[in-house]
Amino acid sequence: MIPGEFEYHAASTLDEALGLLATHAEAKILAGGQSLIPAMRFRLAQPPILIDINTVPNLEYVREENGHLAIGALTRETMLEESTLVQSKYHLLADGARTVADPIVRNRATVGGNLAHADPANDHPAVMLAYGATVIARSAKGERQIPIDGFFVDIFTTALRHDEMLTEIRIPTPGAGCGGAYLKLERKVGDYAISAVAVQLALDGRTCKDIRIGLTNVSPVPMRAKGAEAALRGQAITPEALEAAGQAAAAECEPNADLRGSVEYKRDLTRVLVKRAVKRAAERANAA
Amino acid sequence: MMTMSKHTLTMTVNGQKVTREISSRLLLAHFLREDLALTGTHIGCDTSSCGACTVILNGKAVKSCTMFAVQAAGGTVETIEGLANGALHPLQEGFWEKHGLQCGYCTPGMIMSAKHLLDKNPAPTEDQIRWAISGNLCRCTGYVKIVEAIQYAAGKLQAQALASQAQAQDQAKKEAA
């Protein structure tokens, strides 16, 4: 189908994009467009003004600095797939990036867009929740750091103000004994998750010192499985502890019944994926 | 900087510079098919799932139904129509030789994805081929012959590259003698 009419601006600099956002309350940022354009084609989104940031330089980067991995908002998923730094040191992120849509979509789709769009079916929200990442938001008035736990406010709604743009995401660099994993079940390549689980943990010998678990597409707002985390934090990772964590996650998520499955199926799938993702994260932590 | 819903758009398509007046909301797929009459790029879904609309923009495979034409301003687009150069491109030849198509609807998108793969990775494994085309859906073939067609093309392109390398070395020897 054909989108509604809109005014199109290709911003040449970040300041230009931010200036336009400040002046036009109803403007939307166009990054990869791989979520926004399909929504516009169904007229689910009808922004009167689009600010294209693909023409803004210096927004695509992946680099370690100051104890964190800094990812520019416009970084394409393919860039994460091809980054040896990400593949070798940030396994949860590498896992997540590979499962976004399909390889062609990933050539355009951006990490920043995936987060700012705040679709609970998107993959990066759960990944960043598990990492305890920080979002950098810029506006014409300055810069703000938004911890990821406060970033997803409601369905398709983030803590970004109308005049703010997500410019960078920061993932704390994992230390020794840390590991992560993202496990997603989808009906076919390119589909959204039936359920998916993101885990980042720190081991102390056999004990789980700390753990964060993010869930994809089983709640209206991207969520942490805090009950599951509590079942594992400070515990040895035994089959019993894993089952307890899985059951907690199954109970605390809020899936919708749809073509991808019933509520009961999605809850139980979440239970299983939590167990498997924690196991894989622990294996990677031991190898690290 | 102007605010516009109509634009004068210039880009290079299959080596030819083109300029047209277009609307912001015109999708790249519609621009190629309707403004440029390049109907080899197909539209197979409304959900950005099928990949029948795949073209190569600035060296990367993209779904042309999920981009606005205006976003390709100043860029370089390759479509299926640009592949043959007197003779069939090895990918086209491969799809012929290995029966890599039945109805042909997914084929242009499939070939452009494959071209992007071979441009980046001239000797892909079968797993890498299947991964690279996982954004292109085919309802007819079951993908087996598509994979064989791409393997055929990879082989032929490598042989061509070796042959021109050998030719260049011979030439250098002659000039040195």
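1. Of the contacts in chain A with a separation of 6 or more, 64% are between residues 24 or more positions apart. Please keep in mind that this is a predicted model. Buried residues account for 56% of the 288 residues in chain A.

2. The overall dimensions of chain A come next. As for secondary structure, chain A holds eleven helices and 14 strands.

3. You may find the domain division handy when moving around the model. Chain A is split into domain 1 (7–52), domain 2 (62–172) and domain 3 (178–287). Taken over C-alpha atoms, the centres of domain 1 and domain 3 of chain A are separated by 34 Å.

4. Strand S5 of chain A, residues 68–72, is worth a look for its side chains. They alternate along the strand: A:Leu69 and A:Ile71 point to one face and are buried.

5. What does S5(A) pair with? One partner is strand S4 of chain A (residues 62–65), in the antiparallel sense and over four bridges.

6. Now to another sheet region of chain A. Four strands in the order S11-S12-S13-S14 make up an open sheet with antiparallel pairing. Strand S11 (178–185) and strand S14 (223–224) of chain A are at the edges and have a single partner strand each, so one side of each is left without a neighbour in the sheet. S11(A) and strand S12 of chain A (residues 195–204) run antiparallel and are joined by eight bridges. In this pair, A:Tyr182 stands opposite A:Ala198 in S12(A). Helix H5 of chain A (residues 91–99) packs on the sheet and touches S11 and S12 of chain A. The direction of H5 makes about 20° with that of S11(A).

7. A:Thr238 sits in the loop between helix H9 (226–232) and helix H10 (239–252) of chain A. A:Thr207 is 31 residues away from A:Thr238 in sequence, and the two are 9.5 Å apart in space, C-alpha to C-alpha.

8. Finally, the interface with chain B. Here 25 residues of chain A are in contact with 25 residues of chain B. On the chain A side, strand S1 (7–10), helix H2 (36–41) and helix H6 (103–108) each supply at least two residues. H6(A) gives the largest share of that side, with five residues. Sorted by class, the side of chain A that touches chain B has eleven nonpolar, seven polar and seven charged residues.

Terms used: Residues are numbered from 1 along each chain as its sequence is written. Chains are lettered from A and ligands numbered from 1 in the order in which they are written. This is a predicted model: local features need pLDDT of at least 70, side-chain atom pairs count only at pLDDT 80 or more; totals for chains, interfaces and linings use all residues. A residue is buried if 20 or more other C-beta atoms lie within 10 Å of its own, exposed if 12 or fewer, and partly exposed in between; C-beta atoms are placed from the backbone. Two strands pair if DSSP finds at least two bridges between them. Two residues are in contact if their C-beta atoms, placed from the backbone, lie within 7 Å. Axes are lines fitted to C-alpha atoms, for helices over the stretch in contact, and angles run from 0 to 180 degrees between N-to-C directions. Domain bounds come from an automatic or database domain assignment. Ala, Val, Leu, Ile, Met, Phe, Trp, Tyr, Cys and Pro count as nonpolar, Asp, Glu, Lys and Arg as charged, and the others, Gly among them, as polar.
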